[in-house]
Amino acid sequence: MVVPLSETTDTAPPVALPGDGLREQVIDLLRSELGEGLVDTHLIPQTDLWVRVDRSVWRRTAEVLRSAGFDHFCFISAIDWLPSPFGRGEDDPSDPPPERSTEIVQGYAGGETRFQMLARLTDTNRHLGVNIKCDVPTEDVVVDSWVQVFAGANWHERETHEMFGIGFAGHPDLRNMYLPGDFEGYPLRKDFPLLARMVKPWPGIVDVEPMPVADADETSSDETPAVTPDGDQS
Amino acid sequence: MYSLAIEIPYWGQSLLRVLGGLVAVLLPAGTIVYVFLFKMMSFMQSRLGPMEAGPYGSLQLIAEVGKWLQKEDIAPEKADVRIFKMAPIIVLLSTFLLVVVVPFGPDAYFTDFSVGIFYALAVGSVSVIGILVAGWASANKYSLLGGLRAAGQLIAYELPMVLAVVGVVIQAGSMNLQDIVVAQNTGQIFGWGGLGNPYVITQFVGFVIFMIAVQAELTQAPFDMPIAESELVSGYMTEYSGFRFLMFFIGEFATAGVFAFIASVLFLGGWGVPFGWFGWESLDQVSNWMNIGGPLIMFTKMMVLTFIIMWVRFSYPRFREDQLQRFAWKVLIPVSLANIVVTAILKVAF
Amino acid sequence: MTVLSDRQQLSYIAAQAADARLNVELETEGMTLNIGPQHPATHGTLRIIARLDGEQVVWAEPGCGYMHRGYEKLTEVRTFPQVTSLINRIDWLGSFANEVPFILAAEQLMEIEAPPRAQWIRTILFELSRIANVSLFLGDLGVQMGAITPVFLAFRDREYVLNLIEGATGGRFHPNFDRIGGLKEDLPAGWVAETRQVMRKMRQFCDEIEDLLFGNEIFQSRMRGIGVIPADVARQYGLTGANLRASGVDWDLRRDQSLPMAWDKVDFKVWTHPDGDSFARCWVRLQETREATKIVEQLLDTMPAGPVMAKVPRIIKVPEGEAWVSTENPLGEMGYYVVSKGDLGPFRVKIRSASFNNISVVPWVLKGVYVPDIITILASLYFILGDIDR
């Protein structure tokens, strides 16, 4: 097993960078294997692929993708799509609390629930990645565990469990990784207040106040305002 | 000390010997720490080392000792306090017991044992008891692991050390260290006596094995698993602070010095110069100035040997415990046994 | 769940059998050793709880979280440009490299691209952080095994690289130099020539370390065949970077994906090693440091002129969308999943740090090893606490 230094080799020559054809193949494969379980897909050409699967096929998706070559586990996490009721902490605490939207708008590949699982698998041979999402209903925040498919999912699911309060059926050991065992609340949920920020707005926030007019005039000539959709900068 | 002993009363002699013993133990320890640990190591690592205390940092040692002496003497709550406090004393004691038999000149020795080397090897292992006791009494898992490792290691390396010495004893025909010195300085290599017969030449294998075993006895890298600071924090010394730690520290370097003394007696001709150079034929004819010159010669040889010990210590990573045991039992002991056999055959043949 | 390699399985079974025999005679009892959170080998505050039988590990479990700073939550209350000052504290030894993927993700959402010169300088600084980071790893290797000299050489030579980073960015550890659309400043005068000199020095340093450590028999006997992670296990646990390549998986994000960075403009070799043991991991890192110096030199030769900042609005609002960008950081794949709602700041940022995955393999790989091997395996997996806990 021990190989002298001179004999080490590259095992695989570099493969051409992936095109969108490969990504469409992945969608086709998932559609044929999961059927109705594949809810939605989103493909940004030359960039990345998102798929959303049903909760019932969450583990099956991992198995299918693993046998299709996506055998490198990247991460598991979750997203809480509820807009933060506390904003970004830039409000003056002495003012009355502003009205905030509570409308939940999901991102790529859509969604119906407040919580969504987010995972990513990579194919190290074809140099391709896929982002997998899965709706988790708020009344029953449990999905199947991936530990049986990817042993490395263990820690990621523990982290997701303590940060979002999402349960993982079949996980051997859902202890907290970071927080004390008797900690209450799930820190990465949007309705968990960032207390330090609530008590005293972060002073750094002044940076984004509009610039003095004279200064803005100098710089606005060479700016491309098309980037921000609502164009409210100076 | 015949010439002196007549004029000095018994208590004076005893006082002289105690002072001599302190000097013989502490002076090498201090010199090794300053020259090698502070300065040589720093130069090897492209830095200067201590520079502030005294010219060129030479008083750093005093500052360090002062610092350690001021610190509180802490014993862990669950430790076996009496034994815990005794352990560093045992370790340091074994160093003093060792230096007793080392001859520094024709008359400059503490005691003239006819089985000196046997005694030295025997009391050399007393420090194991101290280390084991320190590891056990600290009530700390790292200390315990360190103490156990030290015990296993020191016992394993005691054997090759003894076996390496057997070659010297066969060649010298005596276990008395003074006789071994004389035998080397009056000896001849195949009829040529220009250098005497320092056994480092004829017993080279024994010398190498002895030095490796010394390295292991002293728990210096690459054999420093008992203190392995990156895994066991500090091994058996973890819980010690203040002057008890200082005693371990002095013990470590003083023992290095004393073992280097013994190695130079066994292999480098000890305090002597080849007797042929001055026309001496036996110990009685050696002139009295060797009682002053001898210790200086010994000191020089000790510095050369400790330089080697420290050089290895600063450059090598450490073995794993099982690799160390394998090295002792599968390499060193068979080689030293073969060395004894060859020495015995040659001794009979010539 | 765990797939043991044959060697580990056999040694484990043998050890179990020997224990069973001993237990009948001696009634031995295991011991739980708590390594850390304050321990010289844990570079910070990782804690390893190991159940020992003698000196053999029966099971071991890392406990992290002593340094969790909640960056994922904090990013939600920052604006996009402010986030970089947080995230370059994730892997604090290669901090510039942490900023790059986040900035690239924001640029991808805004559909802008940094000008070529900025891309070049970004890549150079990225590789410099890699050199600074990995050279410390190479020195630290010796310390973990009791050889105290290499770490001083590493600190000495890393200083040159840090000086370069400081010269260009003004910060030694936390440059905070990357901006959406480019860089804060252009390079100072004389920097290029100095960099060339330092790259030569760093290659000498690599040779020195190779002589001092990698060629040493004791080092090899401590590293070879220890802590073997087969390729399949490495992929399952999501190991990345040198840890994955040392298991024979040829996967390097610098080469294997197209990003608006300059890596595709240079010629470099991605080293892999078939063994998957501790030695392989260290060796691959050593080779990577050498490659990084060559990448920097090639980039210095071909650096284009021009501005270092694209035209971006003064107040940056990132359009609605999601982006995943990851780069090959010194420790492995570092990626940011950025969700934007068209606001001043991100809606959610998932930080995928390399060490978190790399260390999650520890319970698997530590089974059946000896206590001293815990240290070498941890050292060879190379983690940075901030990168585990974020």
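Let's start with burial in chain C: of its 390 residues, 61% count as buried. Buried here means that 20 or more other C-beta atoms lie within 10 Å of the residue's own, while 12 or fewer makes a residue exposed and anything in between partly exposed, with C-beta atoms placed from the backbone. For chain A the buried share is 35% of 234 residues.

Before going on, a word on what you are looking at: this is a predicted model, where local features need pLDDT of at least 70 and side-chain atom pairs count only at pLDDT 80 or more, while totals for chains, interfaces and linings use all residues. Residues are numbered from 1 along each chain as its sequence is written, and chains are lettered from A and ligands numbered from 1 in the order in which they are written.

Back to chain C. Its secondary structure comes to 16 helices and 8 strands; helices (H or I, at least four residues) and strands (E, at least two) are DSSP runs, numbered from the N terminus. The radius of gyration of chain C is 22 Å, close to the 21 Å from the globule rule for 390 residues, so chain C is as compact as a globular protein of that length. That radius is taken over C-alpha atoms, and the rule is 2.2 Å times the number of residues to the power 0.38. Along the principal axes, the C-alpha atoms of chain C fill a box of roughly 80 × 45 × 35 Å. Among its contacts between residues at least 6 apart in sequence, 71% join residues at least 24 apart. Two residues are in contact if their C-beta atoms, placed from the backbone, lie within 7 Å.

Now, chain A. It has 5 helices and 7 strands, and along the sequence they follow the pattern α-β-β-α-β-β-β-β-α-β-α-α. An open sheet of 5 strands in chain A has the order S1-S2-S5-S4-S3, with mixed pairing; two strands pair if DSSP finds at least two bridges between them. Why is one side of S1 and of S3 in chain A left without a neighbour? Strands S1 (38–44) and S3 (72–80) stand at the edges, so each has a single partner strand. On average, neighbouring strands of this sheet are turned by 20° against each other, direction ignored.

Inside the sheet, S2 (48–53) and S5 (128–136) of chain A pair in the parallel sense over 4 bridges, and Trp50(A) has Asn131(A) in S5(A) as its bridge partner. Helix H2 (58–67) of chain A packs on the sheet, touching S2, S4 (115–123) and S5, and its direction makes about 170° with that of S5(A). Axes are lines fitted to C-alpha atoms, for helices over the stretch in contact, and angles run from 0 to 180 degrees between N-to-C directions. Helix H3 (153–164) of chain A lies across S3 and S4, at about 10° to S3(A).

Over to chain B. Helices H4 (81–99) and H5 (116–124) of chain B pack at about 175°, with axes 9 Å apart. H4(B) and H5(B) are therefore roughly antiparallel, the word for angles over 145 degrees. Ser94(B), Leu97(B) and Leu98(B) in H4(B) meet Ala120(B), Val123(B) and Gly124(B) in H5(B).

Last, the interface: 25 residues of chain B are in contact with 27 residues of chain C. Which element of chain B gives the most to that side? Helix H13(B) does, with 3 residues.

Technical notes
Angles under 35 degrees count as roughly parallel, over 145 as roughly antiparallel, 65 to 115 as roughly perpendicular and the rest as oblique.
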